[in-house]
Amino acid sequence: VRVRNFVDDGVRPALEAALAGFERQGARGWIIDIRGNPGGRLDTDAISLWVPDGVVVRDRGRGGLVEEFRANGDGFDALRPTVVLTDHRTGSVAEVFAAALQEYGVAYIIGARTNGCAGFTDVREFGDGSSMAVTTHVNLGPVSNAELNGVGVVPDLQVARTEADIASLRDPQLDAAIAHLAP
């Protein structure tokens with residue numbers, strides 16, 4: 001399943017429907033592709049599919065105050081082995097998603113280190129059409145409490161995908177995910 005960004009309305013319904021469809025076809029594992037996903041709105045409901053209970057991300061503000069965001073208690077009935085594909089353009093909330101699944105041990109991450117731009121940015125528009133963006137909060141891993149901003153998520157298996165791979169329609173990261181899930 002490819003998740004292009006985390007939209008304001010949440011991705012859980014579409015993600016859940018796609019995975020249910022694969023279940024009806026007898027899927028033995030799931031690959032969630034968040035490569036190139038710039039993030040969007042925090043979606044604790046989507047993370048809760050794999051992590052039904054516990055903290056899914058911590059958010060540290062400029063004053064040092066840490067706020068915890070928790071799972072909603074409504075996970076999949078039966079989890080399948082899951083691989084999440086990441087790259088250097090995976091950012092923000094997509095990194096939070098990958099970090100939560102990795103830190104709880106419910107997904108194996110394959111690809112490249114994520115962008116390392118994980119936090120809340122407040123954008124102020126000015127009357128002349130310009131704007132200013134200020135990062136006011138940074139995200140921390142739910143289990144490790146490690147800062148994601150400036151660091152990113154390090155895959156369990158680092159696999160490069162070059163421009164030549166893309167031009168030749170090769171995807172060594174996807175191939176590695178399929179091999180990882182093979183019986």
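Start by selecting E16, which is partly exposed at a relative accessible area of 30%. You are looking at a predicted model.

Colour the pair by accessibility. R12 is buried, with a relative accessible area of 8%, whereas E16 is partly exposed.

Next, select D87 and R89. Their side chains meet in a salt bridge, 3.7 Å from N to O. Which of the two is buried? D87 counts as buried, at 9% relative accessibility. The cut-off for that word is under 20%. R89 is exposed, at a relative accessible area of 51%, because the limit for exposed is over 50%.

Move on to D171 and R161. This is another salt bridge, and its closest N and O atoms are 3.7 Å apart. D171 lies in the loop between α4 (163-167) and α5 (172-181). R161 lies in the loop between β8 (157-158) and α4. The pair therefore ties together parts that are 10 residues apart in sequence. D171 counts as buried, at 13% relative accessibility. R161 is partly exposed, with a relative accessible area of 32%.

Last stop: the whole structure. How many salt bridges does a search of it find? The search finds 12.

Technical notes. Residues numbered from 1 in each chain as written. Predicted model: local features only at pLDDT ≥ 70, side-chain atom pairs only at ≥ 80, totals over all residues. Heavy atoms only, no water. Salt bridge = Lys/Arg side-chain N within 4 Å of Asp/Glu carboxyl O. Buried < 20%, exposed > 50% of the residue type's maximum accessible area, 1.4 Å probe, protein only. Helix = DSSP H or I, 4+ residues; strand = E, 2+ residues; numbered from the N terminus.
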